[in-house]
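User: I would like to go through this model and ask what stands behind each term used for it. Please set the values against the rules as we go.

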Amino acid sequence: MISPADFVQIPLDDWVNSFVRDFLVPNFRPAFRAMQVPITKVLEQIDTFFHWLPMLVFTVGLTLIADRTAGRGVALFSLVALIFIDMIGLWAETMTTLSMILTSVFFCAVIGIPLGIWTARSDRVLLVVRPILDIMQTIPSFVYLVPIVMLFGVGMVPGIIATIIFALPPIIRLTNLGIRNVRGDLIEAAEAFGSTRWQMLWEVQLPLALRTIMAGLNQTLMLALSMVVIAALIGAGGLGLTVYTGLGRLNVGAATTGGIGIVLLAIILDRITQSLGDKKGVQTPSLWQSLRSLFSASKADVGAQSGKPA
Amino acid sequence: MISPADFVQIPLDDWVNSFVRDFLVPNFRPAFRAMQVPITKVLEQIDTFFHWLPMLVFTVGLTLIADRTAGRGVALFSLVALIFIDMIGLWAETMTTLSMILTSVFFCAVIGIPLGIWTARSDRVLLVVRPILDIMQTIPSFVYLVPIVMLFGVGMVPGIIATIIFALPPIIRLTNLGIRNVRGDLIEAAEAFGSTRWQMLWEVQLPLALRTIMAGLNQTLMLALSMVVIAALIGAGGLGLTVYTGLGRLNVGAATTGGIGIVLLAIILDRITQSLGDKKGVQTPSLWQSLRSLFSASKADVGAQSGKPA
Amino acid sequence: AWDTGWFHSEIYKQLFEELGYSIDGPTTLDNPPFYQAVGYGDVDLWVNGWFPIHDTYRPAFEGSAEIIGAVAAGGALQGYLVDKASAEKFNIKSLADFKRDDVKEAFDRDGDGRADLVACPPGWGCEVAIDEHLTKYDLKGDINEIKASYSASMADAVAAYGAGEPILFYTWTPNWTVNELKLGKDVVWIQVPEEATEENAAKGVASCVADPCVMGFAANDIVPVANSKFLKENPAVATLLKTASIPLEDIFAQNSAMNDGADSPEDIKKQASDWIKANREMVDGWLATARGAAQ
Amino acid sequence: MKPKIRVEGVYKIFGEDPQGALDALNAGKSKIEIFEETGQTVGVQDVSFEVGEGEIFVVMGLSGSGKSTLVRTFNGLIPPTSGKILIDDDDVASCSAERLRKIRREKITMVFQHFALFPHKTVAENVAYGLKIKGESAASRRKKALAALEQVGLAAYADSLPGELSGGMQQRVGLARGLATDPQILLMDEPFGALDPLIRREMQDELLHLQKILKKTIIFITHDLNEALLLGDKIAIMKDGRFVQVGTAQEIVDNPADDYVAAFVADIDRGRVFEAGHVVTDPVTVEQNEKGAAEKALQLMEEHNRNALYVLDNKKVAGLVTYQELSVAAREEGRTDLTEVMVTDVPVVDQDTPLNELYGAASAGHPIAVTDKRGRLTGVIEVEAVFSQLSGDASEDETGEEGSTPPAEEKTETAQGGTPR
Amino acid sequence: MKPKIRVEGVYKIFGEDPQGALDALNAGKSKIEIFEETGQTVGVQDVSFEVGEGEIFVVMGLSGSGKSTLVRTFNGLIPPTSGKILIDDDDVASCSAERLRKIRREKITMVFQHFALFPHKTVAENVAYGLKIKGESAASRRKKALAALEQVGLAAYADSLPGELSGGMQQRVGLARGLATDPQILLMDEPFGALDPLIRREMQDELLHLQKILKKTIIFITHDLNEALLLGDKIAIMKDGRFVQVGTAQEIVDNPADDYVAAFVADIDRGRVFEAGHVVTDPVTVEQNEKGAAEKALQLMEEHNRNALYVLDNKKVAGLVTYQELSVAAREEGRTDLTEVMVTDVPVVDQDTPLNELYGAASAGHPIAVTDKRGRLTGVIEVEAVFSQLSGDASEDETGEEGSTPPAEEKTETAQGGTPR
Ligand SMILES: Nc1ncnc2c1ncn2[C@@H]1O[C@H](COP(=O)(O)OP(=O)(O)OP(=O)(O)O)[C@@H](O)[C@H]1O
Ligand SMILES: Nc1ncnc2c1ncn2[C@@H]1O[C@H](COP(=O)(O)OP(=O)(O)OP(=O)(O)O)[C@@H](O)[C@H]1O
Ligand SMILES: C[N+](C)(C)CC(=O)O
Ligand SMILES: [Mg+2]
Ligand SMILES: [Mg+2]
């Protein structure tokens with residue numbers, strides 16, 4: 001049986017090995033490690049805050065947010081789920097995971113939304129970005145774990161970086177989609193009044209794309225959650241570590257408990273962010289209002305929330 | 001700081017442990033292992049076929065299929081990619097992975113499409129199925145690896161089972177969506193002519209939902225591909241194993257090579273299945289034609305294809 | 001298995017084949033799934049059990065599977081290593097030296113004020129042992145255990161070493177890590193802060209900062225673990241397992257060969273059959289006994 | 001004759017609590033009040049009517065007035081909240097699902113506004129859909145489908161996909177699909193709403209033409225008044241789910257039941273609505289060969305205050321004489337032979353000619369002769385009567401007696417327009 | 001006066017290879033041929049025209065004929081392939097982006113078919129959009145927006161969201177948005193297409209009313225002929241991207257340039273298109289106090305073949321006499337005083353009265369007096385002439401001379417309708 005391999009063989013693995021080990025790591029590791037600093041900063045802030053916040057305050061706050069955004073049912077669910085998480089003894093881990101997720105999502109938004117806008121405004125950029133996103137989503141995250149570790153080290157922040165790589169595509173895609181899908185006649189109307197590109201963006205495109213962007217944020221959040229366990233492989237803590245440890249000890253119970261924690265967290269965050277997108281798109285979705293309410297939800301700024309009469 | 005955990009603690013992990021180990025495994029392991037039989041059968045067929053097929057025949061065949069469905073560009077890409085895979089020495093692994101993926105997707109379709117139809121036809125079923133799908137998608141696959149091993153053992157087939165669990169939701173969701181989204185006036189028209197529920201399904205709903213169902217199949221395929229490495233953790237072979245082994249040996253090169261193999265496979269399969277959905281929806285998508293062409297593509301029935309004049 | 005096990009797995013495989021068995025595999029499995037699987041008889045045997053450190057998995061297989069014979073009794077070393085340059089620079093002799101601030105700072109890669117130690121994946125036997133050490137020696141505040149996938153953690157250590165940073169890690173031998181980072185040349189064993197006694201100290205470990213060397217771990221047996229029912233039905237295998245063993249030096253040698261690139265399945269096969277050829281006599285003896293038991 | 005469709009007291013309430021809404025309706029609340037108070041939407045309220053076999057019954061009204069809801073109750077696509085819908089003897093509102101399916105398969109089909117063609121089936125397959133559902137064989141289906149396509153002139157496109165046809169052609173396919181099962185009743189829900197005006201006109205003519213041959217019973221929804229007038233044997237005007245007026249085009253245009261209907265018909269071209277028969281008056285004639293015909297004619301004209309008079313030749317129209325010419329000829333010049341001064345090239349129409357087709361004839365300024373099928377004069381139309389009908393003033397005094405008393409009072413705004421400004 | 005908008009030889013080809021399509025056009029190929037051969041779509045071809053300040057220029061044509069494409073080139077939403085579009089002195093087709101933006105901000109706004117209101121902004125914010133873009137302060141924006149809303153009667157809804165308003169109200173918001181920046185030119189692309197007939201009529205009246213006050217230059221797209229006739233000072237009819245005819249409503253209805261236009265206007269109610277001025281004839285009159293007035297009147301009538309004649313009192317309309325009454329009175333009874341037999345209650349209209357408002361006056365059967373602003377008789381309308389114009393036969397012999405030669409030949413189908421069948 002003949003095949004091309006009989007004639008030419010490409011030692012791709014060797015090439016990659018020497019590229020990473022002999023070139024990338026020796027020369028750029030310090031640079032890459034320096035890039036972690038902003039992530040570390042944000043993570044520390046969020047993490048400290050959540051671990052400082054008393055469990056009951058957090059629970060009440062999130063329940064109120066859920067009630068305001070996603071309705072009574074979700075609020076009730078959040079309440080019960082959070083109490084349950086506490087009772088099965090995973091509160092601290094949950095908070096760690098939450099900080100990690102929010103940090104990832106924060107950076108995904110900061111990177112992804114402008115990039116999405118850019119792709120929406122230029123077909124050429126889209127042409128370049130799209131295959132990269134495709135590959136980012138199809139390449140198994142295991143493949144980039146080792147390079148990430150080699151370049152960034154192990155721990156929470158490299159875990160977040162892996163998560164960002166994995167969770168970034170949807171927010172870019174949906175920002176792009178949202179802006180491109182803004183009704184043509186509205187764009188035309190804005191143009192007919194002599195809007196500049198920036199005015200168009202701020203006055204028309206972004207507000208109208210907000211729902212879709214929110215959907216992207218929601219998907220990004222979900223993908224980030226799905227990386228929690230894999231991030232634990234490179235030293236991130238939280239619920240992912242609980243699962244990983246449970247697996248290592250053949251402790252199905254612990255692994256399942258950690259898994260349930262992740263699922264509960266996922267459901268709560270999913271419903272809240274989903275309803276955020278839904279509602280604000282229909283009602284009065286001033287961009288700033290929406291971003292603000294997203295923020296107060298994502299940072300779970302409970303002090304301020306619970307201060308208001310419910 | 002007070003929290004509910006101070007008063008009640010739920011030993012959930014112990015409960016799960018004893019449920020799985022003392023109840024599920026002793027009583028149902030044989031039943032679960034028996035369930036593997038059909039999967040094993042299908043897998044063996046496909047695997048034997050692909051490993052028997054000469055590399056060049058497969059390559060030419062798939063290229064022709066790509067040309068007919070997704071156009072010249074994709075065909076060219078497939079050709080180059082397959083030759084590249086062969087040259088980097090991953091042909092056998094790629095075939096193993098392909099068999100595994102196709103088996104998973106086959107069972108996803110067999111389970112998912114009827115289930116999707118059912119959910120589309122009954123709001124009550126949807127109400128039950130939806131949260132289950134939500135959980136299936138949010139629960140980290142690591143969590144169910146150990147229970148799967150406990151119930152099904154290790155190897156290729158348990159890997160496929162994990163893959164099915166992970167990749168099933170989109171096909172159900174999109175079958176449901178596709179059928180529910182069939183234009184109301186067409187349903188009305190069919191009803192106005194006195195169609196029975198089955199006639200409605202076969203004559204109108206399924207053909208019109210086909211595009212969406214194909215999109216679901218495409219997503220299922222992609223999710224299945226993303227499980228390849230994780231399935232290797234419980235003993236499945238193929239490209240996933242290459243990646244996993246590479247990681248274990250700190251061999252970035254090998255891991256990347258395996259990863260590239262997966263990505264190439266993913267891109268080819270993605271483009272072909274995507275275009276399958278696209279084209280057949282617009283042109284003459286007799287359900288049977290479409291299913292047939294899907295089949296000949298998914299089984300890569302190259303003998304038949306390459307026998308025809310291109 | 002981790003990749004130190006391929007070689008002797010292959011030797012055993014070839015031996016079984018000479019006995020007339022056909023073998024599937026070897027299958028690659030992580031510790032937890034393996035112990036699970038062998039307990040249920042999905043896998044008949046593996047030859048990569050490390051005891052006593054795998055004692056944590058006993059509940060998973062005890063009753064339906066058992067340890068039988070030994071691949072290499074008492075020869076497997078485990079312990080903590082630091083890179084040679086730092087060991088000399090900071091004069092590090094044992095874990096206790098990591099209480100010193102300058103050492104801590106030098107070994108601190110993640111900036112949390114503690115020295116980073118590449119430990120074991122959560123759940124493995126060694127993870128528990130390391131944890132015990134750190135508690136026992138009151139080092140929790142000084143040393144940060146990286147509990148991640150072992151290869152990931154080591155990737156970090158190797159990369160850090162490559163970048164000239166000090167590293168501290170746990171490993172065992174035989175293992176590819178010591179080929180990557182050569183014992184005595186790149187890295188040296190350090191001790192745990194305990195007085196050397198007869199039981200806990202190993203003599204003649206050249207690459208240790210001290211001799212005798214208190215490595216903190218008793219030497220382990222590398223043992224086959226097999227499904228009991230399978231053994232009962234296949235007395236020849238049982239006997240072979242009981243009698244056979246492979247010298248550690250040979251395992252070391254092969255491991256280093258593997259790390260030099262000879263790591264394809266074919267290479268390993270060849271290394272195994274070469275070894276069998278070289279030790280034909282001994283092997284024949286084992287086989288004869290085994291065949292005898294089968295009668 | 002027994003009506004083909006009989007609708008009795010049909011109500012349709014959308015919402016969770018139809019009974020509450022029904023009670024509120026009975027208490028005299030309006031659709032909007034009910035929606036605001038209970039959240040229930042009144043789709044149709046208290047509609048009763050009958051349609052005879054072979055009739056075209058047009059339902060019109062603004063968007064949201066309940067036209068679609070009403071017509072969808074007829075084939076059970078929407079079950080009414082209460083009321084009876086009798087198709088022959090079956091009450092569609094209460095019969096079994098099996099029976100309903102049978103009625104749909106055999107008696108009643110629907111043509112949809114946006115065509116609702118199955119995009120995945122060819123034109124012929126679309127047309128054959130109803131037959132396939134009934135279980136006919138492929139060959140017979142194909143044959144009947146082609147025959148139906150022939151009727152709408154699209155047989156050549158049998159194997160195209162609907163997407164390849166223009167809107168007008170697609171609509172004709174929809175019509176063919178409705179006709180293929182040879183139903184007795186066609187429900188047409190704004191079938192021409194999406195068409196260009198030219199194509200639309202073509203389709204209307206086509207429908208009238210088909211109807212002449214096939215004699216189906218048709219319920220036709222539109223919100224275009226001209227279309228309603230053109231097609232409808234009877235027209236119902238809906239508002240808020242209720243019939244505010246039912247009648248012929250002329251009845252509605254002449255006597256709008258309320259301001260809503262009046263606003264609806266305000267812009268109508270009355271020349272299309274009314275026919276010669278609406279403005280005809282009894283003929284005042286002389287026989288050509290009668291003795292003293294000339295003087296008699298002059299006297300008749302003076303008596304009836306007319307400027308011209310029809311002259312008969314043995315009961316058939318021979319021509320007409322004008323007062324002026326006749327009086328000059330007879331009284332001043334003494335020529336009393338009618339045939340000498342008679343205009344023979346006279347306009348002749350029949351009863352059903354719409355007024356707007358009389359303009360040419362009327363532009364001669366002479367009264368127009370209306371004859372029956374055998375050519376006998378049954379009446380004449382004075383041009384003043386035409387204007388009277390066109391201006392809408394004739395309605396008060398029934399058929400236009402004659403314009404003797406100038407009804408200019410109502411039109412004084414035109415006179416005012418002439419006063420100095 | 002310099003035209004406000006001057007369009008010269010504008011072409012727009014959609015596709016990759018406009019030059020190829022232009023060449024093919026010059027070679028005389030049709031739009032369809034070009035599309036089939038080259039894949040290029042001809043949007044607009046060779047359109048030139050001018051619109052004066054304060055005019056309403058209506059563009060009509062079937063779907064796809066290029067109306068939207070054309071009008072979108074005026075504010076640069078679509079750049080033309082070739083040709084000039086001069087707004088005052090700026091060529092929109094070739095000026096800089098900056099300049100174009102300035103023109104859009106200051107001179108020209110657009111009102112869209114489907115409103116195109118920003119759903120996330122309140123009504124007032126929508127209306128103020130153009131002002132915000134220009135950088136006006138929030139307070140001044142708000143003030144002007146409220147003023148514009150006041151004009152369309154929606155000030156009360158300033159803080160609602162567009163989604164909360166009905167279609168008609170949304171359209172008025174769109175109009176207010178167009179007016180808020182006080183542009184000189186309004187482009188309206190089928191602005192009333194989506195409305196119910198009743199609301200549509202209201203909007204048309206509103207637009208006419210506003211136009212009377214504001215005197216904008218308006219380009220108005222529609223495919224409704226009645227709307228075009230109602231609003232347009234000038235009307236252009238498009239087909240396949242080309243103007244097939246440009247003219248006033250009357251010109252187009254009377255002299256359709258080809259069959260396409262003819263089919264387009266076939267259904268029109270001519271009574272709305274034409275005005276009294278189109279059918280007026282020179283008055284033949286007698287002075288009331290003239291000597292021998294009665295006999296002179298009779299003779300004039302005989303001469304001109306008329307049945308009635310206007311009687312003046314010092315050049316003002318005093319009344320009319322009919323031939324019949326006058327001849328009986330004067331010739332037979334010897335009473336020659338015109339005032340005795342004169343009808344004084346006569347219909348009087350002015351030049352601009354549309355024909356369909358003459359029907360009431362005409363139903364008296366007497367000729368109608370047309371007076372100028374000072375009340376002086378400038379002509380009379382014979383009822384026959386009205387019919388002649390309505391039937392469309394007047395066009396050949398220019399202004400309706402008189403119905404003396406009955407043009408019934410063309411209408412023989414009505415006569416045939418009366419022959420035995
Ligand atoms: N499925 C439904 N659920 C609730 N309300 C409905 C439903 N269908 C129709 N309606 C309401 O019933 C009323 C009548 O609607 P219908 O569609 O019959 O109007 P229509 O006269 O056909 O209007 P159009 O000309 O727009 O087709 C409307 O107020 C509408 O909102
Ligand atoms: N962006 C475009 N790309 C390609 N072809 C176009 C584009 N826009 C319009 N066309 C084509 O140009 C022609 C004129 O279209 P246009 O929209 O101007 O017609 P219209 O008269 O406004 O029709 P309607 O009454 O449906 O609005 C059509 O054949 C259309 O298909
Ligand atoms: C055998 N190892 C030391 C590699 C792993 C363990 O502790 O299980
Ligand atoms: Mg309707
Ligand atoms: Mg248009």
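**Ligand 1 and its shell**

Analyst: α3(D) gives the largest share of the shell around ligand 1, three residues. The model is a predicted one.

User: What makes a residue part of the surroundings of ligand 1, and how many residues are there?

Analyst: A residue counts if one of its heavy atoms lies within 4 Å of the ligand. 13 residues surround ligand 1, and the closest are D:Ser63, D:Gly64, D:Lys67, D:Ser68 and D:Thr69.

User: Why is the pair formed by D:Ser68 and ligand 1 called a polar contact?

Analyst: A polar side-chain atom of D:Ser68 is 2.6 Å from an oxygen atom of ligand 1. The limit for a pair of N or O atoms is 3.5 Å, so the distance of 2.6 Å qualifies.

User: Which distances do D:Lys31 and D:Glu190 have to ligand 1?

Analyst: For D:Lys31, an N or O atom in the side chain is 3.1 Å from an oxygen atom of ligand 1. For D:Glu190, a polar side-chain atom also lies 3.1 Å from an oxygen atom of the ligand. The cut-off is 3.5 Å, so the D:Lys31 pair is a polar contact, and by that cut-off so is the D:Glu190 pair.

User: How much of ligand 1 does the protein cover?

Analyst: On its own, ligand 1 has 630 Å² of accessible area, and the protein covers 61% of it.

User: How do the shell residues divide into nonpolar, polar and charged?

Analyst: Two are nonpolar, eight polar and three charged.

**Chain B against chain D**

User: Why is the pair D:Arg72 and B:Glu188 called a salt bridge?

Analyst: Their side chains meet at 2.6 Å, N to O. The rule asks for a side-chain nitrogen of Lys or Arg within 4 Å of a carboxyl oxygen of Asp or Glu, so this Arg and Glu pair meets it. Between chain B and chain D the count is four salt bridges.

User: Which element gives the most to the side of chain B that touches chain D?

Analyst: That is α8(B), with seven residues. The residues on this side of chain B comprise 10 nonpolar, six polar and five charged.

User: How many residues are in contact, and how much area is buried?

Analyst: 21 residues of chain B contact 24 residues of chain D. The two chains bury about 2,000 Å² between them, with 62% of it on carbon and sulfur atoms.

Key. Residues are numbered from 1 along each chain as its sequence is written. Chains are lettered from A and ligands numbered from 1 in the order in which they are written. This is a predicted model: local features need pLDDT of at least 70, side-chain atom pairs count only at pLDDT 80 or more; totals for chains, interfaces and linings use all residues. Side-chain values use heavy atoms; hydrogens and water are left out. A polar contact is a pair of N or O atoms within 3.5 Å; within protein, one must be able to donate a hydrogen and the other to accept it, and residues adjacent in sequence count only if both atoms are side-chain atoms. Accessible areas come from the Shrake-Rupley method with a 1.4 Å probe; for residues, only the protein chains shown count as cover. Helices (H or I, at least four residues) and strands (E, at least two) are DSSP runs, numbered from the N terminus. Ala, Val, Leu, Ile, Met, Phe, Trp, Tyr, Cys and Pro count as nonpolar, Asp, Glu, Lys and Arg as charged, and the others, Gly among them, as polar. Contact means heavy atoms within 4.5 Å. Buried area is the accessible area (1.4 Å probe) that two parts lose on being put together, summed over both.
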